[in-house]
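Here are my notes on the model you sent.

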Amino acid sequence: MTEIWHNPRCTKSRAALSFLEDAGLDYTERRYLDQPPTVAELKAVLKRLGAEPWEITRTGEQAAKDLGMSTWGRTPADRERWIEALAADPRLIQRPIVLLDDGRAVVARSEDALRSLE
């Protein structure tokens, strides 16, 4: 079943949820701030996205600034540090993330990303 990592306070997240509903897709909603993903789950999602952790990090968040994430390296050696930070504070994760039954995943922040779900 399709799963959406959702924050109901986020406009983009609500738009993605509406898209899934309008498309008639069966989905489960994961309020990832209430049910933070584990390090293992984040690694699996990053693999499905074909992304690195810094590519799904909300670096403008105060928590990211407090950690000094803008100065962190972005190499394979730095990957674990980023993933651990996302697991420790899920507010840092871009939203929404939609995980499709067929193994695809997308950070559904734009109309194009939403259309890619069809």
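1. Pro 96 sits in the loop that runs between helix 4 and strand 3; helices (H or I, at least four residues) and strands (E, at least two) are DSSP runs, numbered from the N terminus. The peptide bond that joins Arg 95 and Pro 96 is cis, with omega about -10°.

2. On provenance: this is a predicted model, in which local features need pLDDT of at least 70, side-chain atom pairs count only at pLDDT 80 or more, and totals for chains, interfaces and linings use all residues. Residues are numbered from 1 along each chain as its sequence is written, and side-chain values use heavy atoms, with hydrogens and water left out.

3. The protein chain has 5 helices and 4 strands. Their order along the sequence is β-α-β-α-α-α-β-β-α.

4. Overall dimensions. The C-alpha trace of the protein chain spans about 40 × 25 × 25 Å along its principal axes. For 118 residues, a compact globule would have a radius of gyration near 13 Å, and the 14 Å of the protein chain agrees with that. The radius is taken over C-alpha atoms, and the globule rule is 2.2 Å times the number of residues to the power 0.38.

5. Burial and surface. Of the 118 residues, 43% count as buried, where buried means under 20% relative accessible area, exposed over 50%, and partly exposed in between (1.4 Å probe, protein chains only). The accessible surface of the protein chain is about 6500 Å², and carbon and sulfur atoms hold 46% of that area. Areas come from the Shrake-Rupley method with a 1.4 Å probe; for residues, only the protein chains shown count as cover.

6. Among contacts with a separation of 6 or more, 63% are between residues 24 or more positions apart; contact means heavy atoms within 4.5 Å. There are 18 positive and 20 negative side chains, and the centres of the two sets lie 5 Å apart. Lys and Arg count as positive and Asp and Glu as negative, without His or the chain ends; each charge is placed at NZ of Lys, CZ of Arg, CG of Asp or CD of Glu.

7. Which residues have the most contacts inside the largest nonpolar core? They are Trp 5, Leu 42, Leu 49, Ile 56, Met 69, Ile 93 and Ile 97, in a core of 23 residues. Two or more residues come from each of helix 2 (39-49), helix 3 (62-67), helix 4 (79-88) and strand 3 (97-99). Helix 4 gives the largest share, 5 residues. A second, separate core has 12 residues, including Val 98, Val 106, Ala 108 and Ala 113. A nonpolar core is here a set of buried Ala, Val, Leu, Ile, Met, Phe, Trp, Tyr and Cys residues joined through side-chain atoms within 4.5 Å.

8. Helix 4. Its buried residues are Trp 82, Ile 83, Ala 85, Leu 86 and Ala 87. The buried residues of helix 4 pack against helix 2 and helix 3.

9. Ile 97 is found in strand 3 and is buried, at 0% relative accessible area. Beyond four places in sequence, Ile 97 touches Glu 3, Ile 4, Trp 5, Val 45, Leu 49, Ile 56, Val 106 and Val 107.

10. Arg 58, in the loop between helix 2 and helix 3, counts as buried because its relative accessibility is 16%. Not counting residues up to four places away, Arg 58 touches Ala 64, Arg 91, Leu 92, Ile 93, Gln 94, Arg 95 and Arg 109. Asn 7 lies in the loop between strand 1 (2-6) and helix 1 (11-22) and is buried, with a relative accessible area of 9%. Leaving aside neighbours within four places, Asn 7 is in contact with Ser 13, Tyr 32, Leu 33 and Arg 95.

11. Glu 29, in strand 2 (residues 27-31), is partly exposed at 33% relative accessibility. Contacts of Glu 29, apart from neighbours within four places, are with Ile 4, His 6 and Leu 17. Glu 21, in helix 1, is partly exposed at 46%.
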